[in-house]
Every structure is written in structure tokens, then in C-alpha cells.
Amino acid sequence: MKKKAIIIGSGLAGIATSIRLANKGIETHIFESNAFPGGKINSKSKDGYRFDQGPSILTCPEYIEELYKLCGEDFGTFKMAKLKSSFKYFFDDGLEVLLKHDRESIVKEISTKLDENPKQIEKYLDKAESNYKLIAPLFIEKSLHRWKKLIGKKLIKALINIPKYRLFKTMHQENTSFFKNKRTAQVFNRFAIYNGSHPYHAPAMLNMISHLEINIGPYLPKGGMIQLIESLVDLAKKQGVKFHFNEKVKKINVNKNKIIGISTEKNEYYSDFVISNMDVSLTYEKLLPNSKHPKKTLAQERSSSAIVFYWGIDRSFDKLDVHNMIFSDEDKEEFDSVFYKKKIFEKPSIYIYISSKIVKNDAPDGCENWFVLINAPINNGQNWDDEIKVKREFIIQKMNKLLKSDIRTNIKFEEILDPRKIENIHNSKFGSIYGNASNSRFSAFNRHPNYSKKIKGLYFVGVSVHPGGGIPLALCSAKIATECIVEDYNL
Ligand SMILES: Cc1cc2nc3c(=O)[nH]c(=O)nc-3n(C[C@H](O)[C@H](O)[C@H](O)COP(=O)(O)OP(=O)(O)OC[C@H]3O[C@@H](n4cnc5c(N)ncnc54)[C@H](O)[C@@H]3O)c2cc1C
């Protein structure tokens, strides 16, 4: 008889898992509490403006391509473009650094604008690439909890290279040992935020993330980031996956430590496996209240959150690129404030993403859709409404100075996302964006595995479990969990 799988949540990892399972001939159902798929990857359109509400930076499209190949579909139909420049950085004294996507111009820009030795920049970027190539196939694309799968030449090579990863250094320590200008270090420290971490505590190994954005370059789907979800939902439906929207899962049903199905607000459903794309802590707390919880694993520090202003702007600004970072001068203080004081920094760095620079339909002619993000701590009951008022004013003042204009009058549409909403809409514990932070060298090893050691038939995917936060890793979690199911049930 056909095996049946139930996936809790239609986030990216849930959808990717559904494609893989249905492709194996398993009857696959996704139950989603919201009316829409994609979880944090969603989109809003109003008054001629369209906004990607969650992720804006797409790297590692090869993991999406893998899903197309698996289903025998043409990845060429997933239209996307590599951006001509990855990021534009703005510093307080007026210095601007634009990183294009070819190595020669990147080295020239950093060496001339930030006064670095070109050889050091080359060495740094080469190292990021070689570390990524050694680490990813083993520690990102595989389960860290099934060691037999890792053993082989690749593991030996990765282990021999351990000194290169600078396990005892932090990202910031390594960046300041490579570069003499503290601003160059700040540019490379930025990659800690790819998984919501603090670069003064996150291990230097995470510096390899810069390889994905600087050496390879970020992509943008032709229809904006939401295209990722629309395309994968189509792919899932073609594989026979059944989506059940507006149906929140209330309980995972277990008998003698074996999965028997779920209960939702509407009904009870039988299944052989349950794969939770819901935050792992909340899965235990809310859906498995009577099971033993892995307390140490679940008590780890959470990643940061964010406040995002979605602004429909009635004109365009040539000074801005697709991805812009307007840096605060006080890098460490900003991260300390978010992680330790649990407050948004007084003068935070501002990230602005404008998809309409490329996707022309995302704003009316001559206008722009600004996605303006500042890093925020997780929600522990701060007065967010006051914070939003104060920070909105700060951003407007700062942008007015930068653009020599009064942007207040240009804001024709506004919507705001804050940690409370991230917690409530996406059921993400404390509103953290990326599950656990990577603020210790053991973080990677302390994440929850992609399967339950206690309950047969229970698996986990998404940012709160191995291998961690962000689109590429969520896609890898789907692959790993599916491999575990295939192995456990000889499928
Ligand atoms: C503002 C913002 C910016 C980001 N920027 C980037 C970026 O630039 N690049 C990048 O790679 N990543 C970025 N991310 C992170 C990225 O969105 C996630 O890594 C990615 O979407 C994977 O999410 P996920 O699959 O773990 O689950 P989620 O998107 O969290 O989805 C979980 C799903 O489960 C559903 N659910 C939860 N509980 C239940 C229940 N009981 N019953 C039924 N359904 C349930 C939720 O409704 C949700 O749909 C950003 C996120 C945010 C919020």
C-alpha cells in the first residue's frame, strides 16, 4: 500500500520536502494554518506596488534546480537573473562602495575605496570559496547526526583542513586579521546576518558565506522572490501533493512512540510519517505536550528578528542599487544591543532592497518599492509601537541626508512587519527569523536533527533544525529529511 506523509507547514522547506516525497511515490499532504503557501516568503501588492515581504537575497539556485531535475522538469522555465552588482554600501562620511559581480572590479573597488592590499582580498575570497566547497557537501547537505553517511574521502579532507576554518576565532577576529580597515571587516561581518547571528561571536567558518554573494553573486527571479514559491507549489501539485490551507495542526498523534497522524482544527488524519516545518520548539511545546522534549537542544539562543517598512515611493533614486546597506558606524554596539540588551540599536544600519530596479512591474512607472529593514531582537514584550515610531523617523532623517531630498513626502504606501507579526503569522518562536543563532562554535552541532530519536516516523525541516537558517539551508533540510525517511523505510 502507498505510504502517506503529512507535512505541517507550507514554508519553503515544507514545499521542497513535499516535492521530494511525492516524487518517491508517497501520498503527500501539506497542512498550512495560513491561507497562503510560502511562510516567510510571501508577497503583497497594493496601489501598483508589489513587495517581497520576506527574503530578498537568493543564492545557491542549484538547490532549486535539483528539485526541477528530480521531477524531470526544465529549470530553464524558472526565469532568474544574476544581479550586475551584489550590494552597494554607504558609510557615514559619504564613502560609497559598490561591489559588482566580477572578481577584478571587486578587488579594485575594495582596494581603492577601503585601502586594502589586493592580494589580501584575493586570498580572503579564495579561502571563502575553498572552505565552502569543503564544508557544504558534508556539513550542510548531509545529516550531521548519521555519521556513517559522512565517512569517506571528503570527510577526511574536510577534517585535515580544520585549522583553516579557524574554529577558535570569530568572524570578526578573522576579518580584522585579514583587513586593516575596520570598514572592510564591517562589510564581511555583515554575512553573520545571513543566519541572524552576531559576527563578534559567530565562528570564523561562517565567513565562507561571502563566497555565495561576492564570488558567485545573488540572483533575483524575474517575478521577484515570490516566484520561488509559486514555481515550487506548481511543481509540487504536478507531483500530486495536496495542499490544505487554513487548517492549523493542533496535535501530532503518537501511539507507542510511533506516528499515527495529526489532529487539525477540522479533523483527524492518519499518516505513516509526519514532517514538521513548524518551528521545532513550538512543535514539541504545542503539538507534542506529552512527549519528552530535548530541552538542551531547544534552549539554545535564538537568531535575531527584524522590523521591515514596505514603502511605495513615488519617484526613483539613481543613487540606490537593488541591495543597499547604509551602515551604522558602530558595528559591535549594534549587534550587542540586538543580542544582549534586546533593543534595536539607537542608530541602526539600514538595509534597503528595491526589486523594481529589475522587476519593472513591481512599481508604477518612475516609482520604486522600498523594502527597508533594520535588525531587531526577538520579541520579549518590548514596546514595539514606540520603537517603530522612533526608528521610522531615524530612517527618514538618515535617507534624507543621504539622498539630499525629503523622502517623507514620497511615501505613498506603507506597511510594517515587526517581531510580533513574525511570531504570530509564521508561528516562529519569539519572532526569530532564522531559528537558532550561530553565536558559538558548537551551534552547528547543537541544532535539532532532521528526525526524532524517540518517535518513529517523525521528521523535521526548516530553519529551526539542521542545517539552519536561510533559503539554501531550508532546501537542504528537505533533502536530508527525505534521505532519512528513504533510509529508515527502505523506500
Ligand atoms: C524579513 C525576512 C527577511 C529574510 N531574508 C532572507 C534572505 O534575504 N535570504 C534568505 O535566504 N532567507 C531570508 N529569510 C529567511 C527565509 O525566509 C527562511 O529561511 C525560509 O523562508 C525558510 O523558511 P522555513 O521553511 O523554515 O519556514 P517558514 O517560512 O517559517 O514556514 C513555516 C510554515 O509553517 C506554518 N505553520 C506553523 N505552524 C503550523 C501549524 N501548527 N499548522 C499548520 N501550519 C503551521 C506557518 O504558517 C508557515 O507557513 C528572511 C526572513 C524574513 C522574515
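## Ligand shell, domains and local geometry

Among the 36 residues around the ligand, those that come nearest are Gly9, Gly11, Gly39, Pro55 and Gly462. The model discussed here is a predicted one. By residue class, the shell around the ligand divides into 17 nonpolar, 16 polar and three charged residues. Helix H1 (12-23), strand S14 (305-313), helix H14 (419-426) and helix H16 (471-488) each contribute at least two residues to this shell, and the largest share, three residues, is supplied by H1.

The domain assignment of the protein gives domain 1 (4-41 + 61-79 + 223-301 + 439-488), domain 2 (105-142 + 153-217) and domain 3 (304-426). Because domain 1 and domain 3 both give residues to the shell around the ligand, the ligand lies between these two domains. The centres of domain 2 and domain 3, taken over C-alpha atoms, are separated by 26 Å. The contact between domain 2 and domain 3 takes eight residues from domain 2 and eight residues from domain 3, and on the side of domain 2 that touches domain 3 the residues divide into three nonpolar, four polar and one charged.

In soluble globular proteins, nonpolar side chains tend to be buried together. The largest nonpolar core of this model holds 129 residues, of which Leu232, Val372, Tyr459 and Ala481 touch the most other members; helix H16 gives the most to this core, with 10 residues. Leaving aside residues up to four places away in sequence, Tyr459 touches Phe273, Ile275, Asn450, Tyr451, Ala481, Cys484 and Ile485.

Helix H6 (residues 171-178) has Met171, His172, Glu174 and Asn175 as its buried residues. These residues cover an arc of only 165 degrees around the axis, and therefore they lie on the same side of H6. The buried residues of H6 pack against helix H7 (182-189).

Lys237 is placed in helix H9 (residues 226-238) and counts as partly exposed, because 14 C-beta neighbours lie inside 10 Å. Arg392 is placed in helix H13 (residues 384-403) and, with 19 C-beta neighbours inside 10 Å, also counts as partly exposed, given that a residue is buried only if 20 or more other C-beta atoms lie within 10 Å of its own. The table lists the pairs.

| Pair | Separation in sequence | C-alpha to C-alpha distance |
|---|---|---|
| Lys237 and Ile15 | 222 residues | 9.9 Å |
| Arg392 and Val308 | 84 residues | 9.9 Å |

Most residues other than glycine have a negative phi, and most peptide bonds are trans. The peptide bond from His466 to Pro467, however, is cis, with omega near 0 degrees, and Pro467 is found in the loop between strand S19 (458-460) and H16.

Asn257, which is not a glycine, has a positive phi of about 60 degrees; this residue is located in the loop between strand S10 (249-255) and strand S11 (258-264), and because 13 other C-beta atoms lie within 10 Å, Asn257 is partly exposed. Lys342, a residue other than glycine, likewise has a positive phi, near 55 degrees. The place of Lys342 is the loop between helix H12 (331-341) and strand S16 (350-353), where Lys342 counts as partly exposed, with 14 C-beta neighbours inside 10 Å.

Note on methods: Residues are numbered from 1 along each chain as its sequence is written. This is a predicted model: local features need pLDDT of at least 70, side-chain atom pairs count only at pLDDT 80 or more; totals for chains, interfaces and linings use all residues. A residue is near a molecule or strand if its C-beta atom, placed from the backbone, lies within 6 Å of it. Helices (H or I, at least four residues) and strands (E, at least two) are DSSP runs, numbered from the N terminus. Ala, Val, Leu, Ile, Met, Phe, Trp, Tyr, Cys and Pro count as nonpolar, Asp, Glu, Lys and Arg as charged, and the others, Gly among them, as polar. Domain bounds come from an automatic or database domain assignment. A residue is buried if 20 or more other C-beta atoms lie within 10 Å of its own, exposed if 12 or fewer, and partly exposed in between; C-beta atoms are placed from the backbone. The arc is that of the directions from the helix axis to the C-beta atoms. Two residues are in contact if their C-beta atoms, placed from the backbone, lie within 7 Å. A nonpolar core is a set of buried Ala, Val, Leu, Ile, Met, Phe, Trp, Tyr and Cys residues joined through C-beta atoms within 7 Å.
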